[in-house]
Amino acid sequence: MRRVYFDNNATTPVLPEVLEAMRPYFTEHFGNASSIHHHGQQTRAAVEHARESVAALLGCRTGEVVFTSGGTEGDNLAVFGLVGAGDHVITSTIEHHAVLNSCKRLEAMGCEITYVPVDGRGLVDPDDVRRALRSSSKLISIMMANNETGVLQPIEEIGKITADADVYFHTDAVQAAGKVPIEVKRIGCDLLSISGHKMHAPQGIGAIYVGKGTLLQPMLYGGSHERSRRAGTENVPGIVGLGKAAEIAKAALDHGDLVRMAEMRDRIQEKILADVQATGVNGEGAPRVPNTTNIHFDYIEGEALVIALDLKGLAVSTGAACSSGAIEPSHVLTAMGLSADRARASLRFSLGKENTPDDVDFALSLVPETVTRLRELSPVYNKTAIST
Amino acid sequence: MPESKTIAVAMSGGVDSSTVAAMLRAEGHQVIGLTMQLWNQRRLAGHPGMPEAVQGRCCSLDDVYDARRVAETLGIPYYVVNHEERFERDVVRPFVEEYLSGRTPIPCSLCNNHLKFDQLLIVAQQIGADALATGHYARVQFDENCGRWLLKRAFDPAKDQTYFLFGLTQEQLSRTLFPLGEMSKPKVRELARQHGLALAEKPDSQEICFVPGGDYKTFLDAYLAEKGEALLETAGELVTTNGDVIGEHHGIHNFTVGQRKGLGVATGSPLYVIQIKGDARQVVVGPQEELYSQTLRAHRVNPIPVDDLREPMRVTVKIRHRHDAAPGTLEKSGADEVLVTFDQPQRAITPGQAAVFYDGDLVVGGGWIASFRPRVR
């Protein structure tokens, strides 16, 4: 069966060039990067080369890049590395659970958290952030791009607010890295976390930018790896993969390659909205990353649509999977004011570097007919259709 | 070789439904495994009396893991679908309310009617399946003569589950498969072993899936506390069938018809709960012989082989899952209500339970027991 993958915000395939770059570091270049001998020197050089590539992607100094195991670790390090009992934190209602559940833990530890809302387009209002500031505010954590809608938050404006206040600013840029240019100095953030597997590097590797002078308590204690900010022998193949993926992403951004991706995304969206009744784009009117669109198909369960499409070879997603693998209504979409029904009726299409216009045609050949079938069998749709 | 169909299998992670998936796959059908996520077992954890973690139960992560492993072994697509909201609305809520009204509910039948053969069947059709198969022990057949789908008892009387399936409509029956209807449990386990299923020896589950350890009273407390609702005040009097007040009780939801222990009164001869009067909050108690009744009324009746029960008919009637169907006469007594008159008085007819009517192996229909007439001395 032909399979098309439009779930690149969940994870991406490792690019062949990335895999090639990593391969020697599983076998012949196996040294511990902390060792003083030849083997260690080889891998140390590779790690530092990768750090340069990541620094180039983020527009920071190499000494400001700390490798982590991924986005969740970066978010946790930012939150727990800075905030202590009695501190106040400002975040938003649409953050990834890596930030939200870390903040919940902080609340249990006696911290106060302000969750700023978003508007109907999924945007945080920087004025809300400004108004939430207190003398005890220690950290602002607002994401750069939302994973479900792709909506880009006004983080440069938030950065300006934090410049005048004695507060740290962290942004979860996991869904932005490789999709839009990132310049930490322009953003004005102190911390910025990214994840390898969302940008065609492998799972299990990530990085966090920690601006010079940001005093972070480590979460893992051990050796003096990563300038004592993250103990543990480096995941050298992963780091090399992330470095290569960062180079590829930077080149693509510099050459404007993502315009093509945005065109494909727009075609999916326009065609579905034209061909399928009672649909709409969640996050319409807000700036978005070029690869994501989130569309609601009223009167159906997104869960059933995802399964039906998967059985026909198209991988897309809806909501967030809970531990059993069942789908829960998206907290992001409900925070934007969508009804629970509409949130459940929403699907995310997220493209990657390997998608082609042919893939888009494939998706467009499946989605309208599948939605029609689901609606024909939906008691809610039939009731509504009869009454109108 | 039967023609190849696309069949969704409701997989619980137990032996029965896993074996169904294996059998249908071996017959050459396109099989899709579906597990319903109905209740978050951790939801009430931590409330006084509720366990911290619940193991090996319906919707537990262990069961989902087992179902997923079976799907992997069989090489079939597998999905977990979330029906927690509907389950709470259509099963858990009514369960709680029935107890607080002095009745003894059967959540499994509600789940079959509102979740498994409604929501899940719709999902199955939406994703392209022709039918939904489950691991229930029962048989479905189409009768050319009357043009209707029939529900029949399983071959193995000890495993027969038609008591929980009486509510299925013609539309639901037409899209339902019960491949185990003609099998015994040992045979099913043997098939599971033959198909290489690691869970062939997994013990059967018996309890109500969302009530840990069968302790429904603690569940009611914990559920209402979580909802921020006070437990309805249902304390009242213990009375005899003559109306004499002989004591007090702490709430009608603590009692079920036929119960002997925990009445809190000391008398010379054993006393049983004869009736629970929800409106008056009275628990009527009496000696064993007063537990017997010759008639019952059932409402919300679903007839299966006919569209309506017009003439009185001779049937056997089951009034609880573990009850030998007793002979009697069935007659219509209202729009969707019937009156059953037993040949011999039956013990502990319990409002809230189902009365299911049989003609031999055939399920004539069933309804919910609304009332019975206690025998007057």
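Guide: Happy to, and please keep in mind that this is a predicted model. Let's begin with a pair of strands in chain B: strand 1 (residues 6-10) and strand 2 (residues 30-37) run parallel and are joined by five bridges. To pick out one of these contacts on screen, select B:A10, whose bridge partner in strand 2 of chain B is B:L34.

Now widen the view. In chain B there is an open sheet of five strands with parallel pairing, and its order reads 3-2-1-4-7. At its edges are strand 3 (78-82) and strand 7 (176-177) of chain B, each of which pairs on one side only.

From here you can move on to the neighbouring chain. Between the two chains, 15 residues of chain B are in contact with 14 residues of chain A. On the side of chain B that touches chain A, two or more residues each come from strand 2, helix 2 (61-74), strand 3 and helix 4 (107-126) of chain B. Sorted by class, that side of chain B has ten nonpolar residues, five polar ones and no charged ones.

Eight of its ten residues are buried, so helix 11 of chain A is largely enclosed by the rest of the structure. Among the buried residues are A:G302, A:E303, A:L305 and A:I307. Just after helix 11 of chain A comes A:G313, which takes a positive phi of about 105°.

Methods: Residues numbered from 1 in each chain as written. Chains lettered and ligands numbered in written order. Predicted model: local features only at pLDDT ≥ 70, side-chain atom pairs only at ≥ 80, totals over all residues. Pairing = 2+ DSSP bridges. Helix = DSSP H or I, 4+ residues; strand = E, 2+ residues; numbered from the N terminus. Contact = placed C-beta atoms within 7 Å. Nonpolar A, V, L, I, M, F, W, Y, C, P; charged D, E, K, R; others polar. Buried ≥ 20, exposed ≤ 12 C-beta atoms within 10 Å, placed from the backbone.
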